[in-house]
Amino acid sequence: LCGDFKMQVPFSFSLLCLQVIKCKAAVLWEANKPFSIEEVEVAPPKEHEVRVKIVATGICRSDDHVITGALVMPFPIILGHEAAGVVESVGQGVTAVKPGDKVIPLFVPQCGECQNCLNTKGNLCSKTDLGTSGGLMADGTTRFTCKGKAIHHFLGTSTFTEYTVLHESAVAKIDSAAPLEKVCLIGCGFSTGYGAALQTAKVKPGSTCAVFGLGGVGLSVIIGCKVAGASRIIAVDINKDKFAKAKELGATDCINPKDFSKPIHEVVTEMTGGGVDYSFEVIGRTDTMTAALACCQYNYGLSVIVGVPPAAQKITFDPMLLFTGRSWKGSVFGGWKSKDAVPKLVADYMKKKFVLDPLITHTLPFTKINEGFDLLRTGK
C-alpha cells in the first residue's frame, strides 16, 4: 500500500483485523497439582488493553503460594507476574505503547487517577487484583480459554503463557536495548526487595540492617541496603548454601538460626549492641515477622514486611515491642509507583547501577516450568 493510503485508513480499521491467538500456556487446573502445558486461545485486546508476547518470565514464591493454597485465587488459572515481552497489538484508545515496544507487565498497575496513584505516599493502585482474588479483567471477563473453559488471570498479568492481555495501566514501556531475559526480574522480585530498602525503609548511610530470607527478593534487599550505604548487613537464613551469594552482593554477616540455642532476634540484638536500625522479613512467615521486629533497635528501629503473609494466619506479639518506639511497615512492589519507576529502574540497570545476573540461578525452557518450581521449593 502507498503511504498516502495508509495515512487515510482510520485506526479502528486495523482493530478489526486482530485475531484470537492460539499459543502454549502453563495452566493450573487446581491447587497442589503440577502445571499442565496446554494450547490456549488468547482473545484480542479490548479498549485500553494490550496484548503482549512474553519473552521471559521469572518464577516467584507468590506464584507457589497460589499452588499451595496460601494465596487464595480462583481456578483454573494462568499464573506468573514477573516478566518482560513485546507488544503484539493494542486495543482502541491505547496511546502509551504500540506494537513492537518492549514492555514489563505490572502486577501493581498505575492508573494515575485513583486516590493512591494521586497520593505521593501510595503505590497500590485501585486497579490492582491484589487482595480481591478476582482473576478477571476490568469488564469482568477473561481473555483466556482452554478446552472450552474460561481461564482466570493472575494479578492482572498472567505471564506463564506465550501471549497475555493486560490493561494499559499494567504495562511499562522500557528501553528497546534492554535484555528481556534479565530485566524481567524488575517486574517483581528485584524491584520489591530493592525498593523495600530504598523506597519503603529509606535506609540511611552508615546504618545497620538485618535481612531475613535470602531468596531472590531477600538478595535484592541486600543490594538496596548496600547501594544506600549501610555499614553492616546481617543476612539470616536456615539454608547456609545461600550465604556465599549474599556476601557477594553485600552482606557483611551471615547467620543460621539453627546454629544458636537462643532466639534469633536475641542473637542479632547482641551482635549489634542493641538491635539493627532496619530489618526486613522476606519469607512470609509470621514467626520470622515478629523476630524481625524484635531485632530492631527498641526506640527507633524500623521493620519492613516484604514476604507475602500466609492466608488465614494471625500474628500474636508483645505490644511493648511497638510501644517503645519501633515502627512496623509493609511494602508491596518496593513501594514504587510502577509505571513511573520501572522504566527508570531498567535505565539504571543499563547504566550498571546494580546487577541482576547473580539473581538468576537457572534458565529453563518454558515446558520445564514444573522443574523450575521444584528448584524453588528445594532452595536451589
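The model is predicted. Its largest nonpolar core has 82 residues, and domain 1 and domain 2 both contribute to that core. The salt bridges number 16.

**Strand E1 and its partners**

- Strand E1 spans residues 21–28, and six of its eight residues are buried, which leaves the strand mostly covered.
- E1 pairs with strand E2 (residues 36–42) in the antiparallel sense, over seven bridges.
- Within that pairing, Cys-23 has Val-40 of E2 as its bridge partner.
- E1 also pairs with strand E4 (residues 77–78), again in the antiparallel sense, over two bridges.
- Opposite Val-27 stands Ile-78 of E4.

**The five-stranded sheet**

- Five strands form an open sheet in the order E9-E3-E5-E6-E10, with antiparallel pairing.
- Strand E9 (163–167) and E10 have a single partner strand each, so they stand at the edges and one side of each has no neighbour in the sheet.
- On average, neighbouring strands of this sheet are turned by 45 degrees against each other, direction ignored.
- Inside the sheet, strand E3 (residues 49–58) and E5 run antiparallel and are joined by eight bridges.

**Salt bridges**

- Lys-173 and Asp-101 form a salt bridge in which the closest N and O atoms are 3.9 Å apart.
- This pair links distant parts of the chain, 72 residues apart: Lys-173 belongs to strand E10 (residues 171–173), while Asp-101 is in the loop between strand E5 (82–90) and strand E6 (102–105).
- Lys-173 has a relative accessible area of 42% and is therefore partly exposed, whereas Asp-101, at 7%, is buried.
- Asp-139 and Arg-143 meet through their side chains in a salt bridge of 3.1 Å, N to O.
- In this pair Asp-139 is partly exposed, with a relative accessible area of 41%, and Arg-143 is buried, with a relative accessible area of 2%.
- Another salt bridge brings together the side chains of Lys-353 and Asp-348, at 3.6 Å, N to O.
- Lys-353 counts as exposed because its relative accessibility is 51%, and the cut-off for exposed is over 50%.

**Nonpolar cores**

- In soluble globular proteins, nonpolar side chains tend to be buried together.
- In the largest core, of 82 residues, those with the most contacts inside it are Ile-186, Val-203, Ile-222 and Phe-280.
- Helix H7 (residues 216–228) supplies the largest share of this core, seven residues.
- The core lies between domain 1 (21–189 + 336–370) and domain 2 (201–330), because both give residues to it.
- Leaving aside residues up to four places away in sequence, Val-203 touches Ala-197, Cys-209, Cys-225, Ala-228, Ala-230, Tyr-278 and Phe-280.
- A second, separate core has 13 residues, among them Ala-210, Val-268, Ala-291 and Cys-296.

Methods:
Residues numbered from 1 in each chain as written. Predicted model: local features only at pLDDT ≥ 70, side-chain atom pairs only at ≥ 80, totals over all residues. Heavy atoms only, no water. Buried < 20%, exposed > 50% of the residue type's maximum accessible area, 1.4 Å probe, protein only. Helix = DSSP H or I, 4+ residues; strand = E, 2+ residues; numbered from the N terminus. Pairing = 2+ DSSP bridges. Salt bridge = Lys/Arg side-chain N within 4 Å of Asp/Glu carboxyl O. Axes fitted to C-alpha atoms, helices over the stretch in contact; angles between N-to-C directions. Core = buried A, V, L, I, M, F, W, Y, C linked by side-chain atoms within 4.5 Å. Domains from an automatic or database assignment. Contact = heavy atoms within 4.5 Å.
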